[in-house]
Every structure is written in C-alpha cells, then in structure tokens.
Amino acid sequence: MSAGFVHLHLHTEYSIVDSVVRVGPLMSATAQAGMPAIAMTDQSNLFAMVKFYRSALRQGLKPIIGAEIWLKHAPQEEASKLVLLCKDIEGFRCLARLLTRAYVEGQDKGVPVVQREWLDVTGIDRLIALSAAREGAVGSALLADRTQDARQLAEDLARRFAGDFYLELQRTGRPGDERQLRRAVRLAAELSIPVVASNDVRFLSPADYEAHEARVCINQGHSLDDQNRPRDYSAEQYLRSPEEMAELFADLPEALANTVH
C-alpha cells in the first residue's frame, strides 16, 4: 500500500453548503487509491464522525477526525478559515467544545465563529492546525500583499499550536493559487513553519463537478446558468490519487511527506 500522500482537507456531504462526497464511496475510493488514511474536515461540524470512523475501519483505513472552522482573529476583522485535526480523544473533546461554543456564543449572521482567545484552552495541544491556504487568514493576507500581517498571523498560530501548525498549499487551478503558494513557501522558510499539500476536496471525481456546482448554487441562491454567480471552486477539487498529487507537487516533496507524518 502506498503511503505517499494523505488527504487532510476534505468535506463530506455533511458540509451541505459545498460538498457532494458520500462517506461510503469515499472510503472505497481511498482504499482503492492505496492511501493509508483519510481526514474528515467538514465545515463547522462533526456530524459525519461516527459514520466516517466506522466506514474507515471497515476499509482498513486510519480515520482522521477534524473540522474546518471559522476563526475571527480580532473583533473588527472578517472571519477566516482554519482546519483543525484531532491527534487523539482529548483533541476531539477540545474541538467539540470549540464548535459548541461557536454555535452557542459565536453566531455571526448565522455562521458559528470561533474567537481567537478561545484557542487558549486545555486540550489545544492535542490539535493540529492547517492554515486553510487561500481561505485562511495567512493565505488571504498573502494574496492581498499584506506580508507583515501574514507573518504576524502565522507566528501567532504557530505559537498557539506549539509546532503543530502547518501552512497549507493548494494547486486547484483557481486564480491566485500559485501566487499564494509561492508566498506561503517563502514565509514558511523564513519562520521555520512546515508546509502541507492538500486538494481541498469537495467531490470524488471530475465527473461530479456539475453536481457539486448545483449544490453550491442552491446554497447561494443562484442558478447554474447565471454568468455573474461566484465561482469559488474548480473542477480540480476531486479526490486525487497519491500519484496525481506527487506529480502536482513534484517540486515540493516535503509538502507531500508531511501529510503522511
């Protein structure tokens, strides 16, 4: 079994706003591709956890439980995304508490948001954080040419997660991907922060892209033929094989190796 790459940023159908990945077919596809593990990082929820965990074990896969959260770094700033992965049961409990608090205390226009100071809690050292690439605070600052802001945000997150913070790199064919990636790699080298590759998975194969777009349109209140609707996703956000990811990130093998680590 190949252990060259593990998907660590993936939404299932329980992220009803933007994914059509069903848990059962996901596990079959992951096992068939020769990957040893798979992560679940649904948007602000852990609803699929039991089904995901049991399905992974049936296929002989290591299930990695996590979530993609909305995080607000300061009261006056817009929330950005951060991917959290559980190391163990204590990490899961910490993540569950953060999500619960976001729903109870952190609602912002109907979206559960985690406040930065909430990360100073017992159990945070049992979580691994990924910067969420272009949609995270660091990545969006880099894309906006706010290099100093990006540096300060990365340093703060690296300190809070004590060596378990990674700058996430993506090549999904979306505008700005490569520019953000190059800047993230440079920042990672300057701050000695590790990098990790992902494909920000929302569907299993390229053939599922249209079904995915239909779900996104339903959530956004647009029609598929609306020429002015947001185009936030690409047809490249499918469950790429380790071989495909190795080709895509041939110049950054450490970003692949860190997914396995």
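Asp18 counts as buried, at 2% relative accessibility, where buried means under 20% relative accessible area, exposed over 50% and partly exposed in between (1.4 Å probe, protein chains only). The model is predicted, so local features need pLDDT of at least 70 and side-chain atom pairs count only at pLDDT 80 or more, while totals for chains, interfaces and linings use all residues. Residues are numbered from 1 along each chain as its sequence is written, and side-chain values use heavy atoms, with hydrogens and water left out.

Asp18 forms a salt bridge with Arg202, with 3.0 Å between the closest N and O atoms; a salt bridge is a side-chain nitrogen of Lys or Arg within 4 Å of a carboxyl oxygen of Asp or Glu. This pair links distant parts of the chain, 184 residues apart: Asp18 is in the segment before helix H1 (23-32), and Arg202 is in the loop between strand S8 (195-198) and helix H7 (209-220). Helices (H or I, at least four residues) and strands (E, at least two) are DSSP runs, numbered from the N terminus. Arg202 is buried too, with a relative accessible area of 0%.

The whole structure holds 21 salt bridges. One of them joins Arg134 to Asp177, whose closest N and O atoms are 2.7 Å apart. Arg134 lies in the loop between strand S6 (127-130) and helix H4 (137-143) and Asp177 in helix H6, so the pair ties together parts 43 residues apart in sequence. Asp177 is buried, at 5% relative accessibility.

Arg174 sits in the loop between strand S7 (165-170) and helix H6 (177-191). Arg174 is buried, with a relative accessible area of 6%. Its side chain makes a polar contact of 3.1 Å with that of Asp200; such a contact is a pair of N or O atoms within 3.5 Å, where within protein one must be able to donate a hydrogen and the other to accept it, and residues adjacent in sequence count only if both atoms are side-chain atoms. A polar atom of the Arg174 side chain also lies 3.0 Å from the backbone oxygen of Asp232.

Strand S5 (residues 111-115) is mostly covered, with 4 of its 5 residues buried. Strand S2 (residues 62-72) runs parallel to S5 and is joined to S5 by 3 bridges; two strands pair if DSSP finds at least two bridges between them. Leu71 stands opposite Val114 in S5. Strand S4 (residues 107-108) pairs with S5 in the antiparallel sense over 2 bridges, and Gln107 has Pro112 in S5 as its bridge partner.
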